[in-house]
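Please look over the model below with its aromatic side chains and its helix packing in mind.

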Amino acid sequence: MPYKVDLNSDLGESFGAWKMGMDEDVLTFVSSANVACGFHAGDPLVMKNTVAAARAAGVAVGAHPGYPDVVGFGRRGMVCSADELYTDVLYQVGALKAFCEAGGLKLQHVKPHGAMYNSAAKKLEEAMAIAQAVKDAGDGIILMGLAGSKFDEAAEKLGIPYAAEAFADRGYMNDGSLVPRRMEGAFVKDVEVAARRVIRMVKEGVVEAVDGTVVRLKPQSICLHGDSPTAVQMARTLRARLEEAGIEIAPLK
């Protein structure tokens with residue numbers, strides 16, 4: 001049985017003179033880039049340059065919309081109505097879609113960021129608002145969301161393309177949600193351990209939670225974070241181990 005998976009990373013999160021992550025190096029190993037759209041990180045020039053760098057590397061581009069929270073990097077929760085969530089996402093997707101079209105690319109997907117992602121993964125009304133924004137952005141854009149979450153249900157209800165996502169460098173709770181960053185076990189720092197976990201996710205459809213529970217999931221895309229100190233090593237090792245295991249790395253489309 002042939003195996004194939006997308007390998008994605010959150011990029012374009014620098015802002016003005018402030019640099020975040022090692023985008024150029026990470027782009028060498030991933031197949032899709034989630035580009036910040038200016039609300040939690042990034043700015044118009046960073047967006048333009050990140051799209052250009054992704055095109056040069058042969059990497060597909062997705063929008064990475066977040067809450068309007070630059071200071072908190074989009075990781076602080078916000079109380080938003082469904083209409084506010086819809087318009088915030090559509091606004092950001094539209095901006096990045098324009099940069100993609102100007103740069104000779106077609107926007108592949110939308111993956112919400114941080115607190116927006118985690119909240120909508122558990123609340124159907126929020127997931128539906130985001131999914132509706134993706135649908136209304138047009139061009140058959142793929143919604144990417146946490147495997148086994150409300151994103152799955154929202155995409156099915158609206159009949160839009162969907163990619164379930166799992167995380168190489170994050171720990172899991174026994175309900176399939178991510179371990180909160182403040183808790184022990186939130187991060188998988190050993191790159192070889194991360195690689196073994198991902199291979200099991202792709203081939204067996206399971207991941208071990210922090211309490212030892214086996215959680216079932218079926219990801220089409222695997223995320224690694226581009227802003228961690230081991231990002232490049234993680235990306236290089238993960239790609240090498242996946243290919244050694246007979247798993248092809250390819251963009252979602």
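At 2% relative accessibility, Y117 counts as buried, where buried means under 20% relative accessible area, exposed means over 50% and partly exposed lies in between (1.4 Å probe, protein chains only). The model is a predicted one, in which local features need pLDDT of at least 70 and side-chain atom pairs count only at pLDDT 80 or more, while totals for chains, interfaces and linings use all residues. Residues are numbered from 1 along each chain as its sequence is written, and side-chain values use heavy atoms, with hydrogens and water left out.

A pair of aromatic rings is described by the distance of the centres and the angle of the planes. Three aromatic pairs are present in the structure; rings of Phe, Tyr and Trp (its six-membered ring) pair if their centres lie within 6.5 Å, and planes under 30 degrees apart count as stacked, over 60 as edge-to-face and the rest as tilted. One of these pairs joins F39 and Y91, whose ring centres are 5.6 Å apart and whose planes stand at 45°, so the pair is tilted. This pair links distant parts of the chain, since F39 lies in the loop between strand 2 (32-36) and helix 2 (44-57) and Y91 in helix 3 (residues 82-102), 52 residues apart; helices (H or I, at least four residues) and strands (E, at least two) are DSSP runs, numbered from the N terminus. F39 is buried, at 18% relative accessibility, whereas Y91 is exposed, at 59%.

The rings of Y117 and F151 also form a tilted pair, because their centres are 5.6 Å apart and their planes are at 45°. Y117 belongs to helix 4 (residues 114-120) and F151 to helix 6 (residues 150-158), so the pair ties together parts that are 34 residues apart in sequence. F151 is buried, with a relative accessible area of 0%, and Y117, F151 and F167 form one aromatic cluster. K111 lies over the face of Y117, at 5.9 Å from the ring centre; a charge sits over a ring if NZ of Lys or CZ of Arg is within 6 Å of the ring centre and within 35 degrees of the ring normal. The charged end of R170 sits over the ring of F187, 5.2 Å from its centre.

Helix 6 also packs against helix 5 (residues 124-137), their axes coming within 8 Å and crossing at roughly 50°; axes are lines fitted to C-alpha atoms, for helices over the stretch in contact, and angles run from 0 to 180 degrees between N-to-C directions. Helix 5 is therefore oblique to helix 6, given that angles under 35 degrees count as roughly parallel, over 145 as roughly antiparallel, 65 to 115 as roughly perpendicular and the rest as oblique. Among the residues that meet here are L124 and A127 in helix 5, and K150 and F151 in helix 6, contact meaning heavy atoms within 4.5 Å. K150 counts as partly exposed, at 30% relative accessibility, and its C-alpha is 5.3 Å from that of L124, although K150 and L124 are 26 residues apart in sequence.

Another helix pair is formed by helix 7 (residues 191-204) and helix 8 (residues 231-244), whose axes come within 9 Å and cross at roughly 40°, which makes helix 7 oblique to helix 8. The residues that meet include V191 and V198 in helix 7, and Q233 and L242 in helix 8.
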